[in-house]
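This report goes through selected local features of one protein model. The sequence and structure come first, and the description follows.

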Amino acid sequence: MTLENNLLTVEISEMGAELQSIRSKVNGHQYLWQGDPAFWGRRSPVLFPIVGKAWDGVVRYGNGEVAIGQHGFARDCMFTPVENDDDNTLTFRLQSDESTLKLFPFRFTLDISYTLIGERLTVAWKVTNCETGKAMPFQIGAHPAFYYPSGHFNPDGINGYLAFDRTAGVTYELVEAKGCLGSTKYPIEPDDCGMLLITPDMFDRDALVIGDDQIHRISILSAGRRPYMTVLFHAPIVGIWSKPGAPFICIEPWYGRCDRVEYKGDFADREYTVKLAPGKTWEASYYMIFEDI
């Protein structure tokens, strides 16, 4: 399904309610990674009801436990388009069923909306706990991948820069074992202009995980420091990731993240997990601004 205006054409698939394309109508530039399986076959999956991996692939709900894959199941589910009165918006819905209840023992509705206004694309999530007698713990996150400004990976030089809304005292953590997070915090060290060089080896140890509400804006700039695009969010965590050697970078706002190494507690007590009361609805959003149109 398609959204478009005089600047951009945006395509979204009903499978996973996943972005498929963000293309400039001015110069034809494709912003969104096109899913080459040689590096990574996805483009912009929605992460729900968990973000990241669980220790040993097991999530515990009260007295029970369930084996669940990285990032949950929503990205592999067919969503249903929802009618609305806004021509600038497309909304997709996923409702729990017997197959989801085997992995996540809660009845829910998940709505994902995309709104295109000018050079800005907003992604909104709405989660409803359809249970009548119990709170629902969940996590949700974004995973959009954007081509580097040059469109290719430079193994010997500069692939661009990152700029944040905060430049001093920002730290990140790394995955250390079985896809789960360690306890060491590493400093982000921007240059004198407050920008972080995207080096060829930046993701040799997987994603950079920035938590604790440290930052809420990340911009990608070209090798010549020309603004390319920006992601803005209220989420308390953001992941920055790519496959070594791939020509894309992911900016991932998260409400939740992978387990700590050796974590074997209840899912409801996992760090950053949202706990939604029976019958209640939770909403959040993030947006992307495409500057080099």
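Glu-83 sits in the loop that runs between strand E6 (80-82) and strand E7 (89-95); strands are DSSP runs of type E with at least two residues, numbered from the N terminus. Glu-83 has a relative accessible area of 80%, so it counts as exposed (buried means under 20%, exposed over 50%, partly exposed in between, with a 1.4 Å probe and protein chains only). Together with Asp-85, Asp-86 and Asp-87, Glu-83 forms a negative surface patch. Such a patch is made of residues with over 30% relative accessible area and no salt bridge, like charges being joined within 9 Å and nonpolar side chains (Val, Leu, Ile, Met, Phe, Trp, Tyr) within 5 Å. Asp and Glu count as negative, Lys and Arg as positive, while His and the chain ends are not counted. The place of a charge is NZ of Lys, CZ of Arg, CG of Asp or CD of Glu. Accessible areas come from the Shrake-Rupley method with a 1.4 Å probe, and for residues only the protein chains shown count as cover.

The model is predicted: local features need pLDDT of at least 70, side-chain atom pairs count only at pLDDT 80 or more, and totals for chains, interfaces and linings use all residues. Residues are numbered from 1 along each chain as its sequence is written, and side-chain values use heavy atoms, with hydrogens and water left out.

Next come the strand pairings, where two strands pair if DSSP finds at least two bridges between them.

| Strand | Partner strand | Sense | Bridges |
|---|---|---|---|
| E2 (residues 8-12) | E3 (residues 19-24) | antiparallel | five |
| E8 (residues 108-117) | E9 (residues 120-129) | antiparallel | ten |
| E9 | E25 (residues 281-290) | antiparallel | nine |

Thr-9 has Arg-23 in E3 as its bridge partner. The hairpin of E2 and E3 has six residues between the strands, and Gly-16 there takes a positive phi near 75°. The hairpin of E8 and E9 has two residues between its strands, with Gly-118 in the turn at a positive phi of about 60°. Thr-109 is bridged to Thr-128 in E9, and Lys-126 to Glu-283 in E25.

Most residues other than glycine have a negative phi, and most peptide bonds are trans. Arg-225, which is not a glycine, has a positive phi of about 65°; Arg-225 lies in the loop between strand E20 (217-221) and strand E21 (227-233). Tyr-272 has a positive phi near 70° and is placed in the loop between E23 and E24. The peptide bond from Phe-48 to Pro-49 is cis, with omega near 5°.

By the rule used here, a side-chain nitrogen of Lys or Arg within 4 Å of a carboxyl oxygen of Asp or Glu, the count comes to eleven salt bridges. One of them joins Arg-93 to Asp-111, with the closest N and O atoms 2.7 Å apart. This pair links strand E7 to strand E8, and its residues are 18 apart in the chain. Asp-111 is buried, because its relative accessibility is 7%, whereas Arg-93 at 30% is partly exposed.

Which residues are linked in a network of salt bridges? They are Glu-173, Arg-257, Arg-260 and Glu-271. Within it, Arg-257 and Glu-271 meet at 2.4 Å, N to O. Arg-257 is buried at 2% relative accessible area, and Glu-271 is partly exposed at 35%.

Definitions and conventions. Helices (H or I, at least four residues) and strands (E, at least two) are DSSP runs, numbered from the N terminus.
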